[in-house]
Amino acid sequence: METNVKKIAYVASECQPFFASGGLGDVVGSLPKRIVKQSKGEYEISVYLPLYTLKMNPKYFNKLVYIGQTTVKLSWRNQYCGIYKYVEGGVKYYFIDNEYYFKRTNYYGYFDDGERFAYFSKAAIEAMIYLNEIPDILHAHDWQTGMVSVYLRTLFYHDERFKHLKSVFTIHNIEYQGKYALDDDIIEDVFGLSVNDSHIFEYQGNINIMKGAMESSNIVSTVSPTYAEEILTPEYAHGLEHEVRRVKEEGKLLGILNGIDKTFYNPAKDDSLFVKYSKDEIENKVQNKLELQKMLALTVDENIPMIGMVTRLVHHKGVEYIKQIFNELMNENVQIVILGTGDSYYEGYFKDMEAKYPHKVRAIISYNQDLSRKIYGSSDFFLMPSRSEPCGLSQMIASRYGTIPVVRETGGLKDSIHNFEGRKGNGYTFKGDNAWDLLDALKHAISDFNNKEVHLDHITKVIKADFGWSASAKSYIAMYKKFE
């Protein structure tokens, strides 16, 4: 009996709740389940992931079911490919097992990342064949899975099983493109392709996997509408603007704002919080601030506004803006709590500021998910002065916890947070490349904090903002329907 159910395969390098290092993992962990639920059986979704044996959440690792194994040919290599399965929320998750490539302490940053993720991209295709689950739509994410589209265009081009397949490639961050020196050895010896195919990912004298994925896919999407426009310019595209413009001219470029999993991020059920609360019990939120002040040995006083940051301490996150106005900000009656890792220069700077202002500043140089939840739930304001932000999920998470975002108008921040001066206001925003505009926004926030009636009204608006996946999933479903 013929079925109208369409099969979609996601291929990604990370996914909550199994393992994640950032927003990509959150999106891949949330979006498929929402699409399955919202489409009411119209789509069947599988997600293909590497099995990072040292990073996998033990709670899920022990529930994986071994399906079988196959061999992946990558140039002269014949590599083992184990396949494990886990099902949750109506989504099938398939894990590609190869300890040589994936039993490592980090996800990325290795000299052989090109080989690792070329293997994974081809292994995902081979796993689909082994499982007899050839999708109608293949949705790859960021450069680590960019070779999927390239392989489908080259090695599997004449395979009748894939003739009907359409592909989507989503750019979560265009800064990371998978660039390598243009060399016949890497094309033939690492990727297992003919040099005749090098034009697919050749760009400005280099191999560029993201460019290859953009050229080989039917649709290229970004994670916010504003970012889709920004990456047409050299300021945001990190050299790839010519390819982005070409994709747009072909009518293939699309921007869809991401959402968050409201079940995963829920202050009413979050065990990381000192005191749970909801939008109907917002008065309980302040207890979290008092407990965090005690925990971090800051001055314990509910009347001192607390600014929270959970971020990578790198230039494009706007930390230079904060550095420029930091001492001026410290003239205010305020506390700032920063959690994150990044450039050693910024790590050192904020630790120096902690030493200089011991009762007002805490800089925790770490990746700590439990503490990040405490900061979301305890802070009065959440600071994101990013120079570029493809989508940004932290401002949405902060809003979910009733913590008011203070953001620079760029990318997804511009699409999701609007200044309180407007009718749809749900935060404080500033424009342009000026640290003093940031200081003005923070002073405005602090002034409003001292007016309890105004501040409570702002918290109420923020915590009621809906950044769930409903609207975004609807847009993704509309994108998939373009192939029908």
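This is a predicted model: local features need pLDDT of at least 70, side-chain atom pairs count only at pLDDT 80 or more; totals for chains, interfaces and linings use all residues.
## Helices α7 and α10

Two packed helices are described by the angle between their axes and the distance between the axes. For α7 (residues 209-216) and α10 (residues 241-249), the angle is about 10° and the axes are 10 Å apart. Angles under 35 degrees count as roughly parallel, so α7 is roughly parallel to α10.

Helix α7 contributes Lys211, Met214 and Glu215 to the contact. Helix α10 contributes Glu243, Val244, Arg246 and Val247. By class, the contact residues divide into three nonpolar, no polar and four charged.

An α-helix has 3.6 residues a turn, so residues three or four places apart point the same way.

## Aromatic pairs

The whole structure holds 37 aromatic pairs. One of them joins Phe18 and Tyr93. Their ring centres are 5.0 Å apart and their planes meet at 65°, so this pair is edge-to-face. The pair links distant parts of the chain, 75 residues apart. Phe18 sits in the loop between β1 (6-11) and α1 (23-38). Tyr93 sits in strand β5 (residues 91-97).

Phe381 belongs to strand β16 (residues 381-384) and Tyr428 to strand β18 (residues 428-430), so the pair ties together parts 47 residues apart in sequence. Both Phe381 and Tyr428 are buried.

## Charges over rings

Lys163 places its charged end over the ring of Tyr157. The distance to the ring centre is 4.7 Å. Arg373 lies over the face of Phe264, at 4.7 Å from the ring centre. Arg373 is also one of the buried residues of helix α14.

## Helix α14

How many residues of helix α14 (residues 369-378) are buried? Eight of the ten are, so the helix is largely enclosed by the rest of the structure. The buried residues are Leu371, Ser372, Arg373, Lys374, Ile375, Tyr376, Gly377 and Ser378.

## Backbone features

Most residues other than glycine have a negative phi, and most peptide bonds are trans.

A cis peptide bond joins Gln16 and Pro17, with omega about 0°. Pro17 is in the loop between β1 and α1.

Gln204 is not a glycine, yet its phi is positive, about 50°. The residue sits in the loop between β9 (202-203) and β10 (206-208). Gln204 is exposed, because its relative accessible area is 54%. Ala297 likewise has a positive phi, about 60°, and is not a glycine. Its place is the loop between α11 and β13. Ala297 is partly exposed, with a relative accessible area of 48%.

Phe483 lies in the segment after α19 (470-481). Its relative accessible area is 22%, so it counts as partly exposed. Which residues does Phe483 touch, leaving out those up to four places away in sequence? They are Ile137, Lys166, Ser167, Val168, Asn218 and Ile219. Phe483 and Asp136 are 347 residues apart in sequence, but 9.2 Å apart in space, C-alpha to C-alpha.

Ser30 is in helix α1. At 9% relative accessibility, Ser30 counts as buried. Beyond its neighbours within four places in sequence, Ser30 is in contact with Asp261 and Trp469. Ser30 and Glu88 are 58 residues apart in sequence and 11 Å apart in space, C-alpha to C-alpha.

Terms used: Residues are numbered from 1 along each chain as its sequence is written. Side-chain values use heavy atoms; hydrogens and water are left out. Axes are lines fitted to C-alpha atoms, for helices over the stretch in contact, and angles run from 0 to 180 degrees between N-to-C directions. Helices (H or I, at least four residues) and strands (E, at least two) are DSSP runs, numbered from the N terminus. Angles under 35 degrees count as roughly parallel, over 145 as roughly antiparallel, 65 to 115 as roughly perpendicular and the rest as oblique. Contact means heavy atoms within 4.5 Å. Ala, Val, Leu, Ile, Met, Phe, Trp, Tyr, Cys and Pro count as nonpolar, Asp, Glu, Lys and Arg as charged, and the others, Gly among them, as polar. Rings of Phe, Tyr and Trp (its six-membered ring) pair if their centres lie within 6.5 Å; planes under 30 degrees apart count as stacked, over 60 as edge-to-face and the rest as tilted. Buried means under 20% relative accessible area, exposed over 50%, partly exposed in between (1.4 Å probe, protein chains only). A charge sits over a ring if NZ of Lys or CZ of Arg is within 6 Å of the ring centre and within 35 degrees of the ring normal.
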